[in-house]
Amino acid sequence: MSHHYLGSIELWFSVTAALALAWALIFYPMLAIWTNERFKKWPVRRYLFWFAGVTAAGAALVGPLSEQAHTSFSAHMIGHLLLGMLAPLLLLYGKPMTLLLRSLPRDLARLLSRILNSRYIHFISHPVVASLLSIGGLYILYRTDIFIWMHQSTIVYAIVHIHFLVAGYLFMMSILYADLTPHRYSFRFRAIVLILALAGHKILAKSLYAMPPAGITTTDGEMGAMIMYYGGNLIDLAIILLFCYSWYKATAPGRVVRAI
Amino acid sequence: MVSVDRSTAKDDIEKYEKRNFWSGLFFGIGLMAFVDEVIFHQLLQWHHFYDLSTPQIGIFADGLLNSFAWFAAIGGLFMFADLRRRNAVWMRRWVASILIGAGTFQLFDGIIDHKVLRTHQIRYNVELLPYDLAWNIFGAILLFAGIALLVKARKERRSA
């Protein structure tokens, strides 16, 4: 039944991904240690979050899991959870934007802050837009021919996987204000969007169980859908805990309430 | 811990009365969804992850309800933690609203999910009626116990 899996991933993708991951592992601590001279010491836990996030993304992009993902829907789903949900969550708590802003020379930092404040970033980091980009993107991937093309063309494969990571990150940062957040919305609004987005993920997982994407065997499809559903539940739990905890901290008695 | 501005003290009491109710209601809904998942899906395996006759609308409603229940369970407990640190827990009212939340979820699941949307049944290859009756009567008992307790809580003045 796996006649759709024609080509294998070309080498350039693996090499580029491995290089990007290595850069992320090298530059982050370099910037943090370098800026420690001028600013507060960068906390150890942020390094750990960052390294864990890069590792999660790496496991999905290069190595044995990514190779298996080419022939197994279950392996693909594990990769999807790692790359699209777990890695973005961990990377966000490494606060890369804060680190970047304190590392850049003044003019570049101003430019970055102008970009972050731009209407474009405002638009794509709106909770509803970010949810549509990430969860909506999944519906398009699994319910159109893109899923077949992804297995035939390395370029499509690369775009899909970069989208997983970027859209996942955008979603996490639109809901959890862990890093610098220029455009803010109330807890109540974000809670509603979060519930709807996570529901979208669950609904898609169950519908994939009922009807797997083209070219996937029933058993593999059912297994992959269960992984998506229950694995997603675990990460949902972490997101909801972090979200509620940030509400708990922000509304502490005696604390001056911020604009949101 | 923190002194409350006199002009807003009364508003605060009302606000935290309400928060006791919503905290309990959310937690009750989440708790029942959790019990349903652990006992009927995982331990007994009576419920199915998906049964072939589930219509699209069933999957849709189930996903929404589950997502809301996850959030409600955790959010409800964080609201309770907030009430505790403000010394504003009203235990009887809180427990009453847990029962109301749990009973409402049970009835909703039993009537809307199982019967109207037919997401899944309580158990398969058995005479369903006694199961459905037990399920919904249990839900109704929880709901009415909660309402009774809430009425009682209303009658007493807040002591804390």
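The model is predicted. Chain A and chain B bury about 2700 Å² between them, and the second largest pocket holds about 770 Å³ of space.

**Second largest pocket**

- The pocket, with a volume of about 770 Å³, is lined by 27 residues, of which Ala24(A), Trp50(A), Leu91(A), Leu165(A) and Val166(A) are the closest to its centre.
- Two or more lining residues come from each of α1 (11–35), α2 (44–61), α5 (96–103) and α10 (154–175) of chain A.
- The greatest contribution to this lining is that of α1(A), which provides ten residues.
- In terms of residue class, the lining of the second largest pocket comprises 25 nonpolar and two polar residues, with no charged residues.

**Helix α1 of chain A**

- Helix α1(A) consists of 25 residues and spans 36 Å between its first and last C-alpha atoms, close to the 36 Å expected at 1.5 Å a residue.
- The buried residues in α1(A) are Phe13(A), Ala17(A), Leu21(A), Tyr28(A), Pro29(A), Ala32(A) and Thr35(A).
- Among the elements that cover these buried residues are α2, α5 and α10 of chain A.

**Leu83(A)**

- Leu83(A) belongs to helix α4 (residues 73–93) of chain A.
- Leu83(A) counts as buried because its relative accessible area is 0%, where the cut-off is under 20%.
- Leaving aside residues up to four places away in sequence, Leu83(A) touches Ala57(A), Ala60(A), Leu61(A), Pro88(A), His161(A), Phe164(A) and Leu165(A).
- Leu165(A), one of these contacts, is also among the residues closest to the centre of the second largest pocket.
- Val54(A) is 29 residues from Leu83(A) along the chain, and their C-alpha atoms are 9.3 Å apart.

**Interface between chains A and B**

- The size of an interface is often given as the accessible area lost when the parts come together.
- Here that area is about 2700 Å², with 76% of it on carbon and sulfur atoms.
- Lys206(A), Tyr248(A) and Pro253(A) account for 23% of the area that chain A buries against chain B, more than any other three residues.
- In terms of contacts, 28 residues of chain A meet 25 residues of chain B.

**Ser67(B)**

- Ser67(B) is part of helix α2 (residues 56–85) of chain B.
- With a relative accessibility of 2%, Ser67(B) is classed as buried.
- Ser67(B) touches Ile195(A), Leu198(A), Ala199(A) and Lys202(A), when residues up to four places away in sequence are not counted.

Note on methods:
Residues numbered from 1 in each chain as written. Chains lettered and ligands numbered in written order. Predicted model: local features only at pLDDT ≥ 70, side-chain atom pairs only at ≥ 80, totals over all residues. Heavy atoms only, no water. 1 Å grid on protein atoms, 1.4 Å probe; cavity = no way out; pocket = protein on both sides within 12 Å on 5 of 7 lines; lining within 4 Å. Points joined across faces, edges and corners; volume = space filled by probe spheres on them. Helix = DSSP H or I, 4+ residues; strand = E, 2+ residues; numbered from the N terminus. Nonpolar A, V, L, I, M, F, W, Y, C, P; charged D, E, K, R; others polar. Buried < 20%, exposed > 50% of the residue type's maximum accessible area, 1.4 Å probe, protein only. Contact = heavy atoms within 4.5 Å. Expected span 1.5 Å × (residues − 1). Buried area = accessible area lost by both parts, 1.4 Å probe.
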